[in-house]
Amino acid sequence: MKTVSLTIDGKKITASEGEKLLWAALDNGIYIPNLCALRDNSEPMAACRLCFVEVEGKEEPVTACTEGVSEDMVVNTKGEKALRLARSGFELLMTSQLVDCAHCAKSGSCELQKIAHHLKIKLKSKRFRKLVRELPIDDSCPIFIYDPNRCVLCGRCVWVCRERLGIGVLGFAHRGFKRVVTTFGGEPIGESRCQECGECVTVCPTGALVFKDSKEKT
Ligand code: FES
């Protein structure tokens with residue numbers, strides 16, 4: 001595959017032509033906030049709307065997970081327009097998110113903490129009214145626990161279960177504020193066709209899916 005040269009935040013890098021900007025940046029040590037992207041998903045969901053960057057010649061910021069790299073591309077991940085979009089998106093996302101890092105097994109490796117730090121904003125926004133749901137925790141699976149209150153609806157687990165593994169136990173149900181990742185008919189995961197591979201836990205960026213043996217903080 002052809003290699004192209006581009007510049008991100010003043011740093012010259014090379015990448016395979018057509019590779020998504022997000023992966024080219026991350027592979028070169030340039031962080032761009034992201035929650036929903038997965039490297040092996042060639043049709044990015046672009047659901048979280050956090051990976052905005054500015055590209056020279058384009059009027060509006062673009063999502064780095066959907067934008068392919070090209071020769072001589074000049075990218076700015078720190079532009080005010082892009083950061084404003086990412087910050088607003090993140091703050092809105094956090095309005096329905098349980099923030100209880102002291103009791104979360106993912107604390108320290110949670111993508112939400114990393115993004116908040118990167119965007120220089122707090123996990124608990126004062127700008128928007130908090131709308132926390134109180135959904136039951138599912139610990140019916142022998143190897144992991146699912147806490148929907150910590151789920152950001154990024155869709156990674158759904159995609160991995162369905163597309164990467166071809167199982168399809170997890171899916172989305174309902175719309176709007178009630179939208180949730182669940183099993184068919186809402187049955188407990190332990191009673192579903194789940195094969196306990198744990199791939200969904202591995203790709204979950206938050207404390208929504210955690211292995212039982214890593215749950216020491218709860
Ligand atoms: S990572 Fe690009 S929109 Fe979610």
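Predicted model: local features only at pLDDT ≥ 70, side-chain atom pairs only at ≥ 80, totals over all residues.
Figure 1. Arg164 and Asp40 form a salt bridge in which the closest N and O atoms are 2.7 Å apart. The pair connects distant parts of the chain, with Arg164 in helix α4 (residues 156-164) and Asp40 in the loop between α1 (21-27) and β3 (52-55), a separation of 124 residues.

**Figure 2. Arg150 and its salt-bridge partners Asp147 and Asp100.** Ten salt bridges are present in the structure. One of them is formed by the side chains of Asp100 and Arg150, with an N to O distance of 3.9 Å. Asp100 belongs to the loop between α2 (80-94) and α3 (111-119), and Arg150 to the loop between β6 (144-146) and α4, so this contact ties together parts of the chain 50 residues apart in sequence. Arg150 also meets Asp147 in a salt bridge, for which the N to O distance is 3.2 Å. Asp100 is partly exposed at 27% relative accessibility. Arg150, by contrast, is buried, with a relative accessible area of 9%, and Asp147 is buried as well, at 7%. Both of these last values lead to the buried class because the limit is under 20% relative accessible area.

**Figure 3. The network of Asp40, Arg164 and Glu199.** Salt bridges with shared partners join Asp40, Arg164 and Glu199 into one network. Side chains of opposite charge can pair when their charged atoms come close.

**Figure 4. Strand β1 and its pairing with β2 and β5.** Strand β1 (residues 3-8) runs antiparallel to strand β2 (residues 11-16), and six bridges join the two. Within this pairing, Thr7 is found opposite Lys12 of β2. The hairpin of β1 and β2 has two residues between its strands, and Asp9 adopts a positive phi near 50 degrees there. Strand β1 is also joined to strand β5 (residues 73-76), in this case by three bridges and in a parallel arrangement. In that pairing, Leu6 stands opposite Met73 of β5.

**Figure 5. The largest pocket and its lining residues.** The space in the largest pocket amounts to about 350 Å³. Its lining comprises 18 residues, and those closest to the pocket centre are Leu92, Leu93, Ser96, Val152 and Leu153. By class, the lining of the largest pocket contains ten nonpolar, five polar and three charged residues. Rolling a probe the size of a water molecule over the atoms shows where empty space is left.

**Figure 6. The second largest pocket and the contribution of strand β8 to its lining.** A volume of about 240 Å³ is computed for the second largest pocket. Its lining consists of 14 residues, with Pro136, Asp138, Pro148, Thr182 and Gly186 nearest the centre. Strand β8 (residues 180-183) supplies the largest share of this lining, namely four residues. The lining of the second largest pocket divides into nine nonpolar, three polar and two charged residues.

Methods: Residues numbered from 1 in each chain as written. Heavy atoms only, no water. Pairing = 2+ DSSP bridges. 1 Å grid on protein atoms, 1.4 Å probe; cavity = no way out; pocket = protein on both sides within 12 Å on 5 of 7 lines; lining within 4 Å. Points joined across faces, edges and corners; volume = space filled by probe spheres on them. Nonpolar A, V, L, I, M, F, W, Y, C, P; charged D, E, K, R; others polar. Salt bridge = Lys/Arg side-chain N within 4 Å of Asp/Glu carboxyl O. Buried < 20%, exposed > 50% of the residue type's maximum accessible area, 1.4 Å probe, protein only.
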